[in-house]
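Subject: Structure handover

Hi,

Here is the structure to look through. My notes on what turned up follow below.

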Amino acid sequence: MRSEFQNVGFIGLGAMGKFMAEQLAMKLPESARIYVYDVINSAIIDLTTKFPGRVIGAISPKDVAQTSEIIISMVPEGAHIRSVYLDEKLGICSIDLQRRILIDCSTIDISTSLAVKQHIAKYHPEASFFDAPVSGGTLGAQKGTIAFFLGCKHDEPLMKPISKLLALMGNNIIPCGGPATGLGAKLCNNYLSGLIAIASSEALNIGIRAGLDPRVLSSVFAAGTAQNAICDRFNPCPGVVPEAPSSKGYDGGFKVQLMKKDFSLAVDLAQSVGATLALGAKGLETYDAAADDPRCRNLDSRVVFRYLGGQEDWAERSHI
């Protein structure tokens, strides 16, 4: 049954989750059904309307668990995961989970993930829980090209069915080690990604003010030692990469508030393991301020270019 994915649950239909669930709806066998839940009912209605008879709305995480063999969760914070899994009345763990596979794709604090895993191991020993945070942004989720960082070893017995399911939503699945190592890897990734976005914004701003076309400067970065995925795919400067959120008013993408949250979790992780950070405090200060700036709030995190005074109207300036 697991290998055929007849009944799949999906909890959390936000900016990433809705596209991930859509990928499942488009790619699972015709006989399969996807049971979805979100705290915002309109998100459920949108998906069930788009895939009638294929995607079925649920009234709670418990309802999803009762009808699904494999359940994916994708919510913003650790408190939400505790509610989704551990709520005594409506949580996933309020039923007998038997041999269900539970995959949490949220980016949360490691302690919460381990607490949920330990609870499941104690009270539902036949069930399996994995952390599998993702990277690739909303555009990657929409295209089905996101990466999964899986908190297990390469020889995990359930690797084959898990990989088969995740491959429907992404193109890169990386086992990172034991429990919560997927989360650790994701926090390291977002810490570095966040710093690269700040540095790229600063460098682009320097270049524009010095009379350089940011498209040319981005080509220089791509050809040299400064090459990075942020400039290549999510360039912070509007008008350089047409598909980037910056070129669409910073609409979509990875919200600056979420980058603030993830960056903060990464800084906390560094402190807990005794890792020295030269740039962490300043990076967190930058995202904290940008997340509270009305010009930037609710926009893609690369809006840090705007926060740092980047010239978004570079194309209209005569010296470019």
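The axes of helix H4 (residues 78-86) and helix H5 (residues 110-123) come within 10 Å and cross at roughly 10°. Axes here are lines fitted to C-alpha atoms, for helices over the stretch in contact, and angles run from 0 to 180 degrees between N-to-C directions. H4 and H5 are therefore roughly parallel to each other. The cut-offs are under 35 degrees for roughly parallel, over 145 for roughly antiparallel, 65 to 115 for roughly perpendicular, and oblique for the rest. On the H4 side, the contact uses Gly-78, Ile-81, Arg-82, Tyr-85 and Leu-86. They meet Thr-112, Ala-115, Val-116, His-119 and Ile-120 in H5. Contact means heavy atoms within 4.5 Å. By class, the H4 contact with H5 has six nonpolar, three polar and one charged residues. Ala, Val, Leu, Ile, Met, Phe, Trp, Tyr, Cys and Pro count as nonpolar, Asp, Glu, Lys and Arg as charged, and the others, Gly among them, as polar.

Some ground rules. This is a predicted model, in which local features need pLDDT of at least 70 and side-chain atom pairs count only at pLDDT 80 or more, while totals for chains, interfaces and linings use all residues. Residues are numbered from 1 along each chain as its sequence is written, and side-chain values use heavy atoms, with hydrogens and water left out.

The overall picture

The protein has 13 helices and nine strands. These are DSSP runs, numbered from the N terminus: helices are H or I with at least four residues, strands are E with at least two. The radius of gyration is 21 Å, close to the 20 Å that the globule rule gives for 320 residues, so the protein is as compact as a globular protein of that length. That radius is taken over C-alpha atoms, and the rule is 2.2 Å times the number of residues to the power 0.38. Along the principal axes, the C-alpha atoms fill a box of roughly 65 × 45 × 35 Å. Of the 320 residues, 53% count as buried. Buried means under 20% relative accessible area, exposed means over 50%, and partly exposed lies in between (1.4 Å probe, protein chains only). Take the contacts between residues at least 6 apart in sequence: 70% of them join residues at least 24 apart.

Helix H12 and its partners

H12 (residues 280-292) packs with H11 (residues 256-273). Their axes come within 9 Å and cross at roughly 155°. That makes H11 roughly antiparallel to H12. The contact of H11 with H12 has eight nonpolar, four polar and two charged residues. Among the H11 residues in it are Met-259, Phe-263 and Val-267. Among those from H12 are Leu-284, Tyr-287 and Asp-288.

H12 also packs with H8, at an angle of about 70° and with the axes 10 Å apart. H8 and H12 are therefore roughly perpendicular to each other. H8 brings Tyr-191, Gly-194, Leu-195, Ala-197 and Ile-198. H12 brings Gly-280, Gly-283, Thr-286 and Tyr-287. This contact has five nonpolar, four polar and no charged residues.

Covered spots

H7 (residues 159-166) is mostly covered, with six of its eight residues buried. They are Met-159, Pro-161, Ile-162, Ser-163, Leu-165 and Leu-166.

Asn-205 lies in H8 (residues 181-209). It counts as buried, at 12% relative accessibility. Leaving out residues up to four places away in sequence, Asn-205 touches Phe-305, Leu-308, Gly-309, Gly-310 and Gln-311.

Which non-glycine residues have a positive phi? Ala-180 is one, at about 75°. Tyr-250 is another, at about 60°. Ala-180 lies in the loop between strand E9 (170-175) and H8, and it is buried at 5% relative accessibility. Tyr-250 lies in the loop between helix H10 (229-233) and H11. Its relative accessible area is 0%, so Tyr-250 is buried.

A partly exposed arginine

Arg-233 lies in helix H10. It is partly exposed, with a relative accessible area of 44%. Arg-233 and Ala-244 are eleven residues apart in sequence and 6.4 Å apart in space, C-alpha to C-alpha. Not counting residues up to four places away in sequence, Arg-233 touches Gly-136, Val-241 and Ala-244.

Best wishes
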